[in-house]
Amino acid sequence: MIMEPKQLAGLLLEGREDGVIEQFKEIENKYSRLSLYEDFITPAMYYIGELWEENEITVADEHLATAVCDFALSRTMEQKYRQADEDLPVKKKAMLFSVEGEQHYIGMKMAAALFRDKGWSVRYHGPDLPLDHALAAIKQWKPDVVSLSAALSYRLPAVKEYIAKISNGEYKPLILVGGRMAKKYGLSSFQKDDVIIIRDLRSLQYWLDDCKGGRNNANSS
């Protein structure tokens, strides 16, 4: 039986890896990978974040739930990506990371999966990537798209700095900005010709489908 997001959150907090993996597979088989990410995992993790903010769970509880979610995601991705490496031509390159100090990464990991599903070559650098290292990696690899995220409001000045430095760099990729803050506040002030705000994973899927990675007609704000 497929669980509601709050029930799934309970399973994550209990550290029940096998049960979570089974739930992920059942949801993806019945609905879709995007639905698993956007309609189940995202609200479950947001709910866990709310419990932590209200001191109903500890930091250790939150870390355990994140680790179990990460492990289950990796297990459900493995087989598909072995096939995708062989079946899908590489079209463009996407680099994904969270700004320095930002430790939340599950949403970014799911975003990386959506890029891979569309045949993109992906470099997922995870959370807490210092700006200098991000700029060096961009210069070296020259991705078509750089996707960065922030879950907490006090990371927004860092997001603004990253955008400015990347936009003014020698190599200028398209920048996608996502994460919990994009969903909660919209971040319309961050939007520019070379910066697109992605409110959620469904918006990212639409962007990947509709504009096929193009720069000029990809507005998801």
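**Close-up views of a predicted model**

View 1. Residues are numbered from 1 along each chain as its sequence is written, and side-chain values use heavy atoms, leaving out hydrogens and water. Helices (H or I, at least four residues) and strands (E, at least two) are DSSP runs, numbered from the N terminus.

**View 2. Here is where H2 and H3 meet.** The axes of H2 (residues 17–30) and H3 (residues 33–53) come within 7 Å and cross at roughly 120°; axes are lines fitted to C-alpha atoms, for helices over the stretch in contact, and angles run from 0 to 180 degrees between N-to-C directions. Phe 24, Ile 27 and Glu 28 of H2 make the contact with Arg 33, Leu 36, Phe 40 and Ile 41 of H3, where contact means heavy atoms within 4.5 Å.

**View 3. Five strands form an open sheet with parallel pairing.** Their order is E2-E1-E3-E4-E5, and two strands pair if DSSP finds at least two bridges between them. Strands E2 (121–124) and E5 (195–197) stand at the edges with a single partner strand each, so one side of each has no neighbour in the sheet. On average, neighbouring strands are turned by 20° against each other, direction ignored.

**View 4. Strand E4 (residues 174–178) runs parallel to E5.** Three bridges join the two strands, and Ile 175 has Val 195 in E5 as its bridge partner.

Terms used: This is a predicted model: local features need pLDDT of at least 70, side-chain atom pairs count only at pLDDT 80 or more; totals for chains, interfaces and linings use all residues.
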